[in-house]
Each structure stands twice: as structure tokens, then as C-alpha cells.
Amino acid sequence: MNFDSFIGNRKIIDRLRAKLREGRFPHALIFSGPAGVGKHTAALMIAKALNCTNAPAPDDFCGQCPGCRKIDSGAHADVMTITVEEDASQIKIAQIRHLLSMLDFQPLEGRNKIFIIDPADMMNAEAANALLKGLEEPPDKSFFILITVNVHELLLTVRSRSQVYNFTPLALEELRRHGVSDDLVLRWSEGSIGHARSIDITRLKSERELMLDFLETIVTASEEQFQDLLGASADLGRAKQGFEERMKILAVLLADVLYVKERLDEKLVNRDIRDRLTKVANRASVDRIVKMSDFLGFIESSLKSHVNRQMLTDMLALTGNEILNDFLTESR
């Protein structure tokens with residue numbers, strides 16, 4: 001593998017290679033963009049190019065020398081990845097302080113030291129402020145690559161000291177050229193080659209069926225079916241695994257319902273179940289679907305703390321049902 005094997009975002013790769021050729025590679029980079037579009041892969045490729053002992057050109061790497069192989073296996077002494085530790089929710093200041101303590105040392109086995117922080121937006125405030133010391137006056141032969149889904153989640157002071165590269169999703173045709181042929185997988189991949197290759201289509205269809213049943217129950221339940229509605233909510237709220245995944249699936253289904261209502265069939269992800277989506281669209285107003293989508297966003301942010309998932313799913317179910325929602329409002 002070398003830079004030519006990188007999939008998508010060729011303009012970014014070309015710009016990075018140009019800086020390598022010119023010998024003026026920036027000491028701090030931010031790779032921003034959706035998950036699975038190659039940000040971490042690009043960071044490792046840069047680390048190889050800066051340390052390869054058998055590079056065919058200044059802007060490439062061989063992928064076969066001991067240095068390249070060690071970077072692939074995570075064993076290179078001069079390439080460090082800082083991420084969220086097990087059982088932690090953030091990158092801590094102690095991790096950044098350890099990184100900073102290594103800046104004054106010369107590379108141990110390569111030409112340069114590379115520090116990859118992924119996901120950089122998970123640094124707590126103290127860690128992010130501590131990192132500024134390293135970004136302000138980085139020593140020679142030291143490079144930082146910060147990886148994030150959204151560059152604006154990082155401190156402005158961190159962004160101002162780094163060069164930002166915005167990675168974008170791949171087009172469907174580009175995914176097809178790289179071996180992704182299933183139409184449903186293509187549309188669920190969100191332009192991510194990594195996501196496309198990891199999708200278990202059988203499991204996806206099974207989980208989608210559960211969430212579509214839940215959505216249909218929500219929008220069709222009458223006052224007499226109040227217990228059925230809460231029963232469907234209870235089944236979802238009790239799920240010990242896959243709760244977040246199911247919320248994401250529901251979000252995609254809701255978006256598809258809105259596309260059906262607006263007659264934007266070209267944007268549909270789940271084209272194979274358009275008839276069932278149309279039935280939901282005919283029963284639920286745009287306002288109700290939007291309120292459910294907004295509440296899903298609230299659930300996503302709430303999951304970062306210890307919350308009662310059962311209560312959240314009950315509220316979600318009631319938010320989506322116009323008859324029961326109006327009935328409960330009038331009863332207050």
C-alpha cells in the first residue's frame with residue numbers, strides 16, 4: 001500500500017504529498033470529517049512517509065520496511081496514538097502531559113515523531129488547553145495530527161495553530177468502483193468506505209424491521225391502544241445492547257418518511273420498503289416527524305450520562321403519536 005491506494009478525497013492527499021515533496025510539512029494538522037472516510041488511515045500514511053526508510057520518493061512510503069510495518073502494527077516508538085482510555089469518557093490531561101513530556105526527546109528509531117489524537121474532540125478542557133503548549137512552539141521533528149468528526153468541536157486556539165483538512169463522504173459511484181455493489185449497503189454507508197465494508201446487511205434488515213414496526217405502532221396507536229404503545233416502548237427501552245444503533249436506524253427511517261412526504265424519492269435510503277414508509281407518511285404530519293427527529297437528538301446527547309432509557313422511549317413514543325399527544329395535552 002502507498003498513497004495511490006487511498007480511497008477518495010484525492011485533492012487532500014495530493015495537497016499533503018505536495019507539502020512532503022517541498023519539505024515544508026506543517027507541524028500540526030486537523031483531519032475533520034465523517035467517520036469511516038479515511039482520516040485515521042491518512043494520518044498513518046503520513047506517519048509512514050515521514051519515517052519510511054525505503055521510500056520511493058519524498059512524498060510516498062514503501063509500506064514494507066520495518067518502520068512502515070511497525071506503524072501498521074502500532075509498535076513504532078515514534079508514532080503515538082492518543083485516544084479515550086478504556087472505561088473513560090474523555091481524553092484526560094494526564095495523557096496530554098505524557099505526550100508533552102516526550103517532545104524534548106529525539107526520535108528513537110525513525111526520523112520524526114508523530115502524535116495522532118483521535119478523537120481530538122474528546123479531549124476535556126484541561127487536556128485541550130495543555131495541548132496548546134505543544135502546538136505553540138513544536139520542536140523540530142515533531143508533528144501533531146488531530147482527528148475529529150467536526151472541527152468546530154475543537155478549541156478555536158487549537159484550530160488557529162493547525163492546518164485543517166476537511167474530508168468528505170465518497171460518492172455512490174466511487175464506492176461502487178471500490179467493490180461495494182449492494183444498493184442498500186451503498187445508501188446506508190453515508191459515503192464511508194469503512195462503514196460500507198462493515199455493514200452486516202442481514203442484521204441491518206432485522207434491526208430495521210424492529211424499528212419500522214415501532215414507528216408504525218407509534219403513529220397508528222389510538223387512545224384504546226395506549227398500553228400497546230407503551231409495550232412497544234418498553235421492549236425498546238429494555239434492550240441491553242444495540243440501543244444507540246436502533247436510535248440511528250430510527251433517525252434514518254424518519255428522514256426517509258420526510259423525503260416521501262416531500263416527494264424526494266432520489267434521497268431515499270430505504271427504497272426497498274417505500275410502500276411501508278408511505279403508509280407512515282400518510283398517518284403522521286411533518287410537524288410530528290420533525291418533533292420525533294428533534295427528540296432523537298435529545299436522546300443521543302442524553303446517552304452520554306446515566307439516564308432512564310425507558311422514560312426516554314416512552315416520551316419518544318408519545319411525541320410521535322398525534323392522537324395520544326393531543327389527548328394527554330387536553331387532559332392536563
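A polar contact is a pair of N or O atoms within 3.5 Å; within protein, one atom must be able to donate a hydrogen and the other to accept it, and residues adjacent in sequence count only if both atoms are side-chain atoms. The model is predicted: local features need pLDDT of at least 70, side-chain atom pairs count only at pLDDT 80 or more, and totals for chains, interfaces and linings use all residues. Residues are numbered from 1 along each chain as its sequence is written, and side-chain values use heavy atoms, with hydrogens and water left out.

Helices (H or I, at least four residues) and strands (E, at least two) are DSSP runs, numbered from the N terminus. Helix α10 spans residues 201-220. Asp 200 caps its N-terminal end, with a side-chain oxygen 3.2 Å from the backbone nitrogen of Thr 202. The 20 residues of α10 reach 28 Å from first C-alpha to last, close to the expected 28 Å. That expected span is 1.5 Å times one less than the number of residues.

Residues are classed as buried (under 20% relative accessible area), exposed (over 50%) or partly exposed (in between), with a 1.4 Å probe and protein chains only. In α10, Leu 204, Glu 207, Arg 208, Met 211, Leu 212, Phe 214, Leu 215, Ile 218 and Val 219 are buried. They lie on the same side of α10, because they cover an arc of only 160° around the axis. The arc is taken from the directions from the helix axis to the C-beta atoms. Contact means heavy atoms within 4.5 Å. The buried residues of α10 pack against α8 (183-188), α11 (226-237), α12 (243-261), α13 (274-283), α14 (286-302) and α15 (309-320).

Ser 192 is found in the loop between α8 and α9 (193-198). Ser 192 counts as buried because its relative accessibility is 2%. Its side chain reaches the backbone oxygen of Ala 35 at 3.3 Å. Neighbours within four places in sequence aside, Ser 192 is in contact with Ala 35, Gly 36, Val 37 and Leu 175.

Strand β3 (residues 113-117) is mostly covered, with five of its five residues buried. Lys 113, Phe 115 and Ile 117 point one way; Ile 114 and Ile 116 point the other. Strands pair if DSSP finds at least two bridges between them. β3 pairs in the parallel sense with β2 (residues 79-82) over four bridges, and Ile 82 stands opposite Ile 117. β3 also pairs in the parallel sense with β4 (residues 142-148), over five bridges. Here Ile 114 stands opposite Phe 143.
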